[in-house]
Amino acid sequence: MGGHLGVLRAGPGVTIQDGGRHGYLRYGVTPAGPMDWTAYRTANFALGNDDRAAAIEVSAGGLEVHCENAPLWVAFAGGAFVWRRSGVVLPRAARIRLEPSEILTARAGEFGAFAYLAAEGGFDTPPVMGSRATHMRSGIGGIEGRMLRAGDVLPAAVPAAGQRGENFEAIIDAPWLDRDSGPFRVVLGPQDDCFSPETLGDFFAYAFTLTPIADRMAYRLTGPDIAHARGYDIVSDGIALGAIQIPGDRQPLILMADRQPTGGYPKLGHVARADIGRLAQLRPGESCRFRAVSAAEARTALLALEDEIAKTHQRLRPLRRALTSERLFESNLIGGVVDPLDSEETGGEF
Amino acid sequence: MLPKPLYLAAGESALVVEFGATIDPNIHDCVLALDAAVQRANIDGVTETVPTYRSLMIHFEPRRVSAETLIAALASLDATAKPERTRVHRWHIPACYDPPHDEDITEVAAFLNMPRAKIIDLHQGARYRVYMYGFAPGFIFLGGLPPELTIPRRAVPRAPAPPGSLLIAAGQALIASCAMPTGWYAIGRTPVKVFDPKRTQIFLAGIGDEICFERIDGDTFDALSLAAEAGEFCVRRENIDER
């Protein structure tokens, strides 16, 4: 039987997301889905879920949940969020069995804007147009099309027999989620011809900073002037994930998970999907650079990253509930009580 | 045979097939013909297509198909496919231009220096083509607005216009599916729900379909609103096979 997760507290912008709402782009329907697909997949794959299972997308606002009735296997990953089980700090990416008396909390850490909490089997909220992904602007998906709040109860679907594999709590060794300030790869087009070669040169030569105008729909950056060679009011065409629009203010607006499927500003290029997760993890005030690559290079990078993430299950190391200095430090820092069970090893069958 | 389009990358997972840069029924016909051909051909790795005014966006799964393979497959489609005359519907949509549903008509009348009745006659008498959806689920972008009704977008968006608002700006017309702040002008309103996720048929018109408006009074609007709320379509649909 599937378990339930009860929400005790959810910061603004915490939503249910799955692989996204597909098949309705032509009707103006936003695909939604996770902001950082790499972290979302990592959490799901650690539980043996597929890459479409609904999970909780935790924003910098944080989250506090507990397990109702029966124990529930969950996994989390993304950014450097600080996760605690009943006060005890856990690794930033891990798979654990949450017991009914335990409280799991997430708080934004030293970097990152989104983390994912997945449950074995996936959360079973009512699908709308084939997806559980929340799109708040149109009020569909998740729970009543809104962000989560205290009192929400999220049922987990019954997992397939044996899908999780081994029965041990684990650290997820996911180096692809480490902080990486390397430039974001960009494939030029389809309207790069709206900009002079000098302007395009500037775009790749200088750093940009993420402004506070950043949400699930788009990230607005500020940096050098990206002037249009001619007008900026083009006849609308399609919009793909990571499109770098340059509207009238000549500053990049990068379209993210909640983008509209069509739009009318020139698109200089697209951030490679392999780098979308890293971009999603930027916080306002942080800066970044861009590097031009061919579509073929972006494709190779994407396939390589997907292959790596697909092996998440082979990168689980038993989570030993030993006190590390880091955890002691964290525990002391918050003045929390250290669980006496914490020094006990959990069963690892490696 | 379709004119040769431009193939433009939109990242590594989408391709833009562009037939032009303007709003033109002939360009749109090419977009729709290619869309129909792509759907029929069932090309491996293609996940979704989005027809717009001037291009077809093809979303694909890079693991299953590369852009080069996809372009080769599309080029062979172009060589064999005639502009396809797919079945087109004409939708008769009730429209109310009486207060309080004509919120911005006074502003439009002042800007265009045109009597209110003339604006209504022009808007209601035209035949429109569904060019694309966008902005939000179910927002229908229409071409075919009489040129006399051309008015620039507002410099500052107005407060949200209610669902079903009939909007005009920049020489185009739009049917709104939900309340959104907008730079357009609301001159009337339909009780029809053009988007209802609770219905089996979530959306009404297909891209390329025709739309005309049939004038109703305020009482009819209220009655039809109740019926639409209960899940009725409240529209008349005609089949027009050839365009």
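Modeller: Let's start with a rule: two strands count as paired once DSSP finds at least two bridges between them. Strands (E, at least two residues) and helices (H or I, at least four) are DSSP runs, numbered from the N terminus.

Biologist: And the ground rules for this structure?

Modeller: It's a predicted model, where local features need pLDDT of at least 70 and side-chain atom pairs count only at pLDDT 80 or more, while totals for chains, interfaces and linings use all residues. Residues are numbered from 1 along each chain as its sequence is written, and chains are lettered from A and ligands numbered from 1 in the order in which they are written.

Biologist: What makes strand β1 and strand β4 of chain A a pair?

Modeller: β1 (residues 4–10) and β4 (residues 63–68) of chain A share 6 bridges, in the antiparallel sense. The rule asks for at least two, so they qualify. On the β4(A) side, A:Cys67 is the bridge partner of A:Leu5, and A:Val65 stands opposite A:Val7. β4(A) also has 4 antiparallel bridges to β9 (residues 103–107) of chain A, where A:His66 is partnered by A:Ile103.

Biologist: What order do the 6 strands of that open sheet take?

Modeller: In chain A they go β7-β6-β9-β4-β1-β11, with antiparallel pairing.

Biologist: Why do β7 and β11 of chain A stand at the edges?

Modeller: β7 (88–89) and β11 (153–155) of chain A each have a single partner strand, so one side of each has no neighbour in the sheet.

Biologist: Which strands form the open sheet with mixed pairing?

Modeller: That one has 8 strands of chain A, in the order β21-β14-β15-β18-β17-β20-β13-β22. Its edges are β21 (287–288) and β22 (290–293), each left without a neighbour on one side because each has a single partner strand.

Biologist: How do you know which residues of chain A are in contact with chain B?

Modeller: Two residues are in contact if their C-beta atoms, placed from the backbone, lie within 7 Å. By that test, 34 residues of chain A are in contact with 39 residues of chain B. On the chain A side, β16 (237–238), β19 (262–263) and α4 (295–310) are the elements giving two or more residues, and α4(A) has the largest share, 5 residues.

Biologist: By class, what does the side of chain A that touches chain B have?

Modeller: 17 nonpolar, 12 polar and 5 charged residues. Nonpolar means Ala, Val, Leu, Ile, Met, Phe, Trp, Tyr, Cys and Pro; charged means Asp, Glu, Lys and Arg; the others, Gly among them, are polar.

Biologist: Which residues in α1(B) are buried?

Modeller: Among them are B:Ile27, B:Cys30, B:Val31, B:Leu34 and B:Val38.

Biologist: How do you know what span is expected for α1(B)?

Modeller: The expected span is 1.5 Å times one less than the number of residues. α1(B) has 17 residues and reaches 24 Å from its first C-alpha to its last, close to the expected 24 Å. After α1(B) comes B:Asn42, with a positive phi near 55 degrees.

Biologist: Which residues touch the most other members of the largest nonpolar core?

Modeller: A nonpolar core is a set of buried Ala, Val, Leu, Ile, Met, Phe, Trp, Tyr and Cys residues joined through C-beta atoms within 7 Å. The largest has 174 residues, and A:Ala43, A:Phe76, A:Ala77, A:Tyr116 and A:Leu117 touch the most other members. Helix α1 (residues 25–41) of chain B gives this core its largest share, 8 residues. Not counting residues up to four places away in sequence, A:Phe76 touches residues including A:Trp83, A:Ala94 and A:Leu117.

Biologist: What domains does the assignment give for chain A?

Modeller: Domain 1 (4–178 + 320–343) and domain 2 (184–308); such bounds come from an automatic or database domain assignment. Their centres, taken over C-alpha atoms, are separated by 28 Å. The contact between them takes 19 residues from domain 1 and 15 residues from domain 2 of chain A.

Note on methods. Buried ≥ 20, exposed ≤ 12 C-beta atoms within 10 Å, placed from the backbone.
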